[in-house]
Amino acid sequence: MITCPHPADVITADGMPLVRPYVVEWERERDEHDRRRLQRERRRAAVLATLGQDYVPVPWEAAA
């Protein structure tokens, strides 16, 4: 999911757009959270596969 920063969060300096640092930090934290969630799902799927079960994500976890 790619989102653009809010126009008020972009500052132009010397003709180049700059993004406020808190937006960059928020995107970094969001990406880290998504990476951890995907790793957790892969581990869960691997464990269930060794038990001969299919992994079906729970709806409230998939939306998180």
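View 1. Arginine 35 is partly exposed at 39% relative accessibility, and glutamate 32 is partly exposed at 29% (buried is under 20% relative accessible area, exposed over 50%, partly exposed in between; 1.4 Å probe, protein chains only). Their side chains form a salt bridge of 2.5 Å, N to O (a side-chain nitrogen of Lys or Arg within 4 Å of a carboxyl oxygen of Asp or Glu). Glutamate 32 and arginine 35 are three residues apart in H1, about one turn of the helix. Glu32, Arg35 and Arg36 are linked in a salt-bridge network.

The model is predicted: local features need pLDDT of at least 70, side-chain atom pairs count only at pLDDT 80 or more, and totals for chains, interfaces and linings use all residues. Residues are numbered from 1 along each chain as its sequence is written, and side-chain values use heavy atoms, with hydrogens and water left out.

**View 2. Glutamate 25 and arginine 28.** The closest N and O atoms of this salt bridge are 2.7 Å apart. Both residues belong to H1, where a spacing of three residues separates them by about one helical turn. Glutamate 25 is partly exposed, at 35% relative accessibility.

**View 3. A buried pair, arginine 37 and glutamate 41.** Both residues are buried, and their side chains meet in a salt bridge of 3.3 Å, N to O. They lie four residues apart in H1. The buried residues of H1 also include Val23 and Leu48.

**View 4. The end of helix H1.** H1 covers residues 21-50 (helices are DSSP runs of H or I, at least four residues, and strands runs of E, at least two, numbered from the N terminus). Just after H1, glycine 52 has a positive phi of about 80°.

Methods:
The expected span of a helix is 1.5 Å times one less than its number of residues.
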